[in-house]
Amino acid sequence: MDERSLTLAWHWLQTDRPDRCLEVLDGADPTDPQVQLLRAWALSGLERWADAEAVARSGLAQDPGSVELRRVLAHALTGSGRLKEAAEVLASTVADAPEDVDVRAQLAANLVARRFREESQRAVEALAALEPGSARVARLRAHWHLEFGRREDARRHVLEALEVDPADPQARAMLGELTARSGDVAGVGHLRRAALDDFGDRFTVARARQAGVLDRYPGRLLLPALRVHPGWAAAGCFVLLWVSARVFVVGDAVVGGAMLAVTLLLVVWLAVAHAVAVWVLD
């Protein structure tokens with residue numbers, strides 16, 4: 001394939017137009033390593049995971065040592081939910097190319113997503129040693145803290161990432177999620193901005209569209225409930241239900257009944273708010 005066509009295909013891939021990339025590659029030699037790499041990434045961009053995996057494996061059959069083909073294979077495996085297989089591919093690639101920060105970042109993200117606490121932390125710090133002060137490292141640290149329930153630490157690292165790169169759409173989306181989860185409608189604005197900055201990312205765009213539910217009534221009425229941690233909310237409601245039931249049974253039935261009704265309304269409000277948050281933000 002000529003250099004001009006390859007450059008054009010890379011252009012479409014980098015501008016989030018994998019469909020146009022595949023159009024440029026149509027008719028090209030399917031055994032050309034560059035064509036295979038581009039086609040695999042384009043198919044991944046379209047979430048055609050099985051096709052992307054097949055193309056990547058075909059390329060690796062010719063060039064088993066290709067770091068880029070192994071990266072796209074891991075990406076396709078991750079997209080299809082086979083995180084363990086993706087981690088195995090990435091671990092072997094890191095062993096062959098220990099200085100490659102992109103591979104290390106993929107491996108760290110994989111381990112964080114699988115909630116391997118110590119292993120993922122080591123992977124993030126190994127990347128930080130090669131890429132100190134980068135937005136990507138700060139974002140991975142934020143993701144790590146978020147996975148293990150440390151929202152304030154996650155927020156701190158997200159803000160660090162945005163200080164380094166204010167236009168980072170992934171960090172902006174994470175800030176939006178954290179802000180919305182704390183019951184602040186400003187989080188919806190962050191998600192929308194992230195979607196505008198990375199319009200080719202269908203997941204970010206879909207999440208911003210869903211989050212719009214919290215920016216209009218009756219969704220706004222649910223936001224205060226999100227400021228209460230689900231664990232504390234459940235404990236508080238249990239205590240209120242017990243007290244209300246005791247008053248109803250051994251005390252004043254009218255007062256107890258009113259307390260039970262109010263408590264049940266509170267339970268429903270909290271439950272609906274957190275269910276909507278899970279639907280919108282997870």
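**Stop one: Gln36 and its surroundings**

Select Gln36 and show what lies around it: setting aside neighbours within four places in sequence, Gln36 is in contact (heavy atoms within 4.5 Å) with Pro30, Thr31, Val55, Ser58, Gly59 and Gln62. Gln36 sits in helix α3; helices here are DSSP runs of H or I, at least four residues, numbered from the N terminus. Because its relative accessibility is 3%, Gln36 counts as buried (under 20% relative accessible area, 1.4 Å probe, protein chains only).

A note before moving on: this is a predicted model, in which local features need pLDDT of at least 70 and side-chain atom pairs count only at pLDDT 80 or more, while totals for chains, interfaces and linings use all residues. Residues are numbered from 1 along each chain as its sequence is written, and side-chain values use heavy atoms, leaving out hydrogens and water.

**Stop two: helix α5**

Now select residues 67–79, helix α5. Which of its residues are buried? Val67, Leu69, Arg70, Arg71, Val72, Leu73, Ala74, Ala76 and Leu77 are. Colour α3 (33–45), α4 (49–62), α6 (83–96) and α7 (101–113) next, as they are among what covers those buried residues. Just after α5, look for Gly81, with a positive phi of about 85°.

**Stop three: Val72**

Zoom in on Val72, which touches Leu37, Ala40, Trp41, Ser44 and Ala56, not counting residues up to four places away in sequence.

Notes
Helices (H or I, at least four residues) and strands (E, at least two) are DSSP runs, numbered from the N terminus. The expected span of a helix is 1.5 Å times one less than its number of residues. Buried means under 20% relative accessible area, exposed over 50%, partly exposed in between (1.4 Å probe, protein chains only).
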